[in-house]
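Dear colleague,

Please find below the structure that I am handing over to you. My notes on it follow directly after it.

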Amino acid sequence: MARLELRDIGKSYGTMEVLRDINLSVADGEFIVLVGPSGCGKSTLLRMIAGLEPITHGELLIDGRRMNDAAPRDRDIAMVFQSYALYPHMDVARNMGFSMEIRGARAEERRSKVAAAAKTLGLDVLTERLPKALSGGQRQRVAMGRAIVRDPQAFLFDEPLSNLDAALRVEMRLEIARLHHRLGATMVYVTHDQVEALTLADRIVVMNGGIVQQVGTPLELYDTPANRFVAQFIGSPTMNVLPASREGGDVRLSNGALISLEGLEGPVAELGIRPEHLDLADPDNATFTGSADVVEHLGSDTNIYAQIDGIGPLMVRQHGHVALRAGDRLGIVVQPERVHAFDATGARINS
Amino acid sequence: MSVQVRRSPLRSFGKLCAILFYLCFALFPIYWLVKISVTPDQLVYTEGTKLWPSTATLGNFGKVIFQTDFLIFFRNSLFVSLSTAAVTTLIAAAGGYAFSRFEFSGKRILVALLLLTQMFPLLMIIAPIYRIVAALGLLNSLPSLILVYTAFNIPFATFLMQSFFDGIPKDLEDAAMMDGCSRFQALRKVILPLTLPGLGATLGFIFTAAWSEILFALMLIRSNDAMTFPVGLLTFVSKFSVDWGQMMAAGVLALVPSCIFFIFIQKYLVQGLTSGAVKG
């Protein structure tokens, strides 16, 4: 098991800088998820930890030892690839035992370890098959099995579930969570899917444009996003962001409504309100009035896409079933203690 | 998944006819080669247009093998073609791997230069090549042919090999390196087995190209000792007559190594070896 420490890590291709000032320390046994939109540099960062991509700036330490220039084989880290990257000319057992084969482990030791890993992953009847004879989910399992057999200091996952269909993805997500509990190993997991991030992570690293936006537990990111990007990236449906301006201790919205917030510092440019933190109310004494544009009945929840007078579109999520139809007039009130205020740069400015 | 579509019998019959027609068209010269090779000399002109001679003989083959320099030509050709194929494929594989996997300065220029060499008609450069080979003192020797053939085949073979390497996902090498391989081990244990079809195809292609090359062989080789097949065939043309039977018999024998070579490598030419490596 291992502690990872990233100090001022940066990456440039020629003059193009793709990662900057990455500082992160991963505790032993921690599950860290790197999340962000595609092109934000999260996969590059993972490959730098793996040793597949040179580090152009900063330091990477594994258990206190500088690893910047160590070859992948010397870092004792296993990686599960998005494409699975199974060796097509080797059967499942040999795929899983390949790392031991390279290290020159004895055949019987190899066989017993592969058999054990195959059993926990439900692959024991498939060990003689070639990868091409496996389904997507089975290939995914073999890729995980290959990492497990390694018995590494840390596991890296590069979007391992993005090639699976929705149902299988949920199943494999659970399996990865179980694997983490069972092995207690340090894991770094890259995804663009915030649901995977929120469900798996001990801590999430939100990245955008090659820069870490915020590091925190899933609930910290949800409750107190550091900026507008994190606020809109974490949480589904997406947070509503409305233009606003400060008026004394209160915030004025473009439809004239006044919302009083605590702990405001500096000028306010925008307010962020999550759809689930808005409630339907009587139009006569509501903060917002407007009409329902589209209403989605999901059974457990109702999503209302409203057109608000003087503001524009706003999304509201109500728990349970709401008898509302497209075109109906509605009023909406805000839960002021759950409103996020951002300044002109997008940084959060209320406590 | 393949979907079975039931076609009208007339249509499949038409298709069959078309394929048969093409086969006859393509194979007829080879048939004619075989036919003349078994025709006795005295019947070559009298039964010239018959599909099969009234008496067949293997005498031409016997004469070719035992009374001419055929075995020398054969040995020379085999030596030149195998060496060219081996050397070219080795260099092309290394070059193709580098082009496929590494970014280095001057790569684009190198590719452009390789392409450039393919743009000139060979006739244009025969004279300079002759001068160079003569200056090297390699005229009338088999290594001169190997050298020239290798040089001329490397660009195409490199592009061919590069496309095979491109077809192998880079993730596989990364995975092998994560599994504890050095880059060279990854190449040997993972990439090489997957490149066998590509190596086979390249070997086959270069072998056949070298086997049937005549232009340079004609220019650079004079002595019978160092003649390759295509040039050797011309020795059956004498001042007053052409010994068709023996020439054709030699031609048939010349086909044999090519056929054997392709039978040998055809299992490596079967595609689809990399399927199942990535994605679902």
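The contact between the two chains takes 26 residues from chain A and 23 residues from chain B, where two residues are in contact if their C-beta atoms, placed from the backbone, lie within 7 Å. On the side of chain B that touches chain A, α7 (170-178) and α8 (183-211) of chain B each supply at least two residues; α7(B) gives the most, with six residues. Helices here are DSSP runs of H or I with at least four residues, strands are runs of E with at least two, and both are numbered from the N terminus. This side of chain B divides into 12 nonpolar, seven polar and four charged residues. Ala, Val, Leu, Ile, Met, Phe, Trp, Tyr, Cys and Pro count as nonpolar, Asp, Glu, Lys and Arg as charged, and the others, Gly among them, as polar.

Please note that this is a predicted model, in which local features need pLDDT of at least 70 and side-chain atom pairs count only at pLDDT 80 or more, while totals for chains, interfaces and linings use all residues. Residues are numbered from 1 along each chain as its sequence is written, and chains are lettered from A and ligands numbered from 1 in the order in which they are written.

Chain A is divided into domain 1 (4-229) and domain 2 (240-342), with bounds from an automatic or database domain assignment. The centres of these two domains, taken over C-alpha atoms, are separated by 39 Å.

In chain A, five strands form an open antiparallel sheet in the order β15-β19-β16-β17-β18; two strands pair if DSSP finds at least two bridges between them. The edge strands, β15 (278-281) and β18 (312-319) of chain A, each pair on one side only. Within the sheet, β16 (residues 288-297) and β17 (residues 301-308) of chain A are joined by seven bridges, and A:G290 stands opposite A:I308 in β17(A).

A:S236 and A:P237 are joined by a cis peptide bond, with omega about 0°; A:P237 lies in the loop between α8 (228-233) and β11 (240-247) of chain A. A:D63, in the loop between β4 (57-62) and β5 (65-66) of chain A, has a positive phi of about 50° although it is not a glycine. A:D151, in the loop between α4 (136-150) and β7 (154-158) of chain A, likewise has a positive phi, of about 55°.

Yours sincerely
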